[in-house]
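Dear colleague,

Please find below the structure that I am handing over to you. My notes on it follow directly after.

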Amino acid sequence: MTRSNSSWKAVLSASAAMLMAMPALAQQAESQTPPPAEQAEEGEIVVTALKSGSVKLDRVPLAIQAFTGDTLKRRNVRDGADLIQLIPGASQAQEIGAGYRIFSFRGSGAGGPIGDGLIGYYLDETPFGVPNNQAAPPVQYFDIDRVEVLRGPQGTLYGLGSSGGTIIYHTKNPDLERVTTAGEAEISTTRDTSELNYRAAAAVSVPLVPGSLGLRVSGGYDRRAGTADIYSGAPTGTPRARDANEVRAKDIQAVLLWQPDALTTVRLRGWYFSTDQDYLNVLNSVNPPFASFQGDVVGYDKRRAYYISNTITRDVGQFTITNATSFQRSLPGGFAVGLNLGAPLGIGTLINGGDANNFVNELRIATSKTGPFHGVAGVFYQKAKGLYTFSLNFPTLALSGNTITRTENAALFSEASYELFGGKLVPLVGLRYFKDTRSSDSLSNGDRVFSRATPDALTWRANLAYYPAKDWMVFFNSGTGFRSGILQSKAQADAVIADGVPSALSLSPDKLRNLELGMKGSMFDGALRVAISLYDIKYTNIQSAFNTSIGLSAFANLGDGKSQGIDIETTWRTPLKGLALSLVGNINDSTYTNVIPAYTASDRRIANGTRLLNTPPHNFRLDANYDRKVGSVDLFATASATAVGRARNGDATVNTLNPYQLYQASIGVRFDRYEVRLFGDNLSDERGPTAANGPTLLAGPRPRTIGLTFRMNAQ
């Protein structure tokens with residue numbers, strides 16, 4: 001055993017001992033009786049991620065986080081990249097433009113940003129996503145009620161697309177009793193820009209039939225000034241365009257809530273968004289920011305979609321029946337960029353595009369009354385199609401084509417738990433059976449190839465929660481995740497095989513198994529809250545991108561990997577009145593373990609014992625929040641520091657991404673329902689790169705930004 005492995009095991013052993021000891025210490029000072037699951041004290045967050053009713057966050061025996069809309073605003077969360085900083089073991093696996101980002105949990109990005117999603121994104125009750133696309137939805141956080149984040153595989157309740165974890169965005173409901181309004185406006189300046197950034201959002205809620213029917217409409221517009229100069233050729237002389245990669249994002253949504261009686265709720269939601277960027281976030285240089293060798297290409301990144309969902313719930317005796325339906329239509333979009341690939345290809349253009357649609361329906365029944373037994377069971381159906389188009393145009397190479405991927409899948413799922421010894425010990429088991437019919441129609445330079453696969457899977461979860469003291473729990477959680485295999489063209493499969501690596505038109509599904517020991521609870525009358533999780537994940541048949549010797553991008557299963565780590569979450573309401581501190585963090589040891597020898601021979605970066613790609617060895621975030629009434633106004637201030645460790649990058653020409661730190665701060669006053677805030681983002685002006693798709697496609701944090709926010713809170 002190496003010294004590093006010995007040290008790692010010592011850390012895990014010490015942490016495990018601490019997990020078991022802390023509840024015992026707390027027990028000396030607190031009552032033995034656990035609080036009822038149905039009750040939550042004032043100020044505590046209640047979540048619905050278990051799909052069997054509302055549960056106090058500290059009683060959920062999973063690695064789960066929840067952030068209220070107010071918390072997100074206080075921490076200046078505007079998009080997915082901001083949210084990821086708050087999640088232990090999370091990282092950004094790829095960034096192209098403002099509307100295209102891919103995230104990873106606990107090593108799930110080891111195979112690269114290809115294939116179906118590994119993180120499930122749910123908008124209220126139904127998933128957002130399409131086949132062969134891992135991009136996160138560009139959610140606007142203004143009208144979010146709360147966000148729930150589940151780390152680790154969610155193979156039973158959330159199934160396909162959630163093998164790495166799940167993020168659930170809960171949007172706000174209308175107020176059925178009174179008219180309410182809310183709004184905010186923001187103006188800021190970013191280093192390396194010549195224009196201002198500005199953002200505005202508003203919401204109004206109207207009770208159409210008081211107590212029964214209400215409508216809430218919200219929307220916003222966000223314009224971020226460009227930071228990058230554009231050169232037709234080498235980065236010398238006068239740029240062709242200055243501060244060119246401007247972003248314009250807008251969205252509008254409406255929620256109609258109807259409660260015809262005390263037992264029935266009908267919720268209809270419609271959402272439309274668009275994100276338009278001139279040129280891209282990926283550049284030849286991030287400091288100073290510029291893109292060169294663009295010729296006369298006017299680059300862009302365009303994303304737009306509408307999403308309609310309907311959820312009906314009905315209480316029937318001891319049960320609640322829920323039917324959730326959604327339809328997603330991703331309109332034609334994509335990106336374009338000029339590239340200098342050197343000899344013999346030279347300077348040319350890459351254009352990617354496509355569109356998609358996705359229909360989902362889930363019907364489930366869950367226990368709704370108090371008692372020792374809790375359970376949920378349901379059926380899930382999805383029918384989706386995704387079109388991907390590409391065009392490469394270089395002096396010595398012209399290649400274009402498209403791929404249409406279709407999936408029609410269904411699943412049966414259930415979870416059940418039973419409280420023993422008055423609720424002190426709660427075992428849970430869950431199963432999900434999934435069956436997929438998937439096809440691919442691929443056209444490349446006139447050659448057409450069809451492929452088809454019918455994967456199925458049985459995933460499971462087993463959980464044991466122990467409540468040794470009031471407000472404390474220890475849990476053991478185990479489970480599996482699954483993802484359908486990528487379908488590729490015969491030309492792609494043949495190119496991989498010609499390089500000596502096994503492949504096929506349909507890749508083998510990749511799977512994972514997770515074992516986790518956790519503890520969470522509070523002490524000192526709730527002033528200190530702690531959650532710790534130790535996990536051991538085994539990845540099997542990892543699907544990976546493969547760059548063939550003839551230059552054609554293709555796919556192959558590379559073998560296995562593992563990720564072992566510890567997540568930490570703490571919040572402390574300090575003795576200094578109004579001051580609260582919070583810390584989240586992750587330390588992990590994540591490596592490839594059983595790589596196919598032929599794969600290693602073709603790519604020496606992927607070998608037994610080497611670190612998983614797109615998986616930083618650690619990430620931490622410390623937040624301080626101060627809120628104190630001074631006279632007739634509230635004075636508040638926030639500060640945060642984020643640290644991310646050195647990560648191995650998916651692109652071999654940019655082998656690693658250096659560690660980096662980000663700092664934020666704000667100060668403001670609140671009077672009545674109004675507040676004004678002065679803020680600073682990326683105060684150290686960190687440039688990165690923090691993501692790279694090659695030496696000429698680098699992305700980093702937005703340069704230092706200083707601004708003012710004016711907010712009118714709901715009333």
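Aspartate 222, at 10% relative accessibility, counts as buried. Please note that the model is a predicted one.

The structure holds 52 salt bridges. One of them joins the side chains of arginine 106 and glutamate 516 at 2.9 Å, N to O. This pair links distant parts of the chain, 410 residues apart: arginine 106 is in the loop between strand 5 and strand 6, and glutamate 516 is in strand 27. Arginine 106 is buried at a relative accessible area of 2%, and glutamate 516 is buried at 2% as well.

A further salt bridge, 2.8 Å from N to O, is formed by arginine 191 and aspartate 685. Arginine 191 lies in the loop between strand 10 and strand 11 and aspartate 685 in the loop between strand 38 and strand 39, so the pair ties together parts 494 residues apart in sequence. Here arginine 191 is partly exposed at 44%, whereas aspartate 685 is buried at 11%.

Strand 27 deserves a description of its own. Of its 14 residues (510-523), 10 are buried, so the strand is largely enclosed by the rest of the structure. Strand 26 runs antiparallel to strand 27 and is joined to it by 12 bridges; within this pairing, valine 474 has methionine 519 as its bridge partner. Strand 28 also pairs with strand 27 in the antiparallel sense, over 13 bridges, and lysine 520 stands opposite alanine 531 there.

Yours sincerely

Technical notes: Residues numbered from 1 in each chain as written. Predicted model: local features only at pLDDT ≥ 70, side-chain atom pairs only at ≥ 80, totals over all residues. Heavy atoms only, no water. Buried < 20%, exposed > 50% of the residue type's maximum accessible area, 1.4 Å probe, protein only. Helix = DSSP H or I, 4+ residues; strand = E, 2+ residues; numbered from the N terminus. Pairing = 2+ DSSP bridges. Salt bridge = Lys/Arg side-chain N within 4 Å of Asp/Glu carboxyl O.
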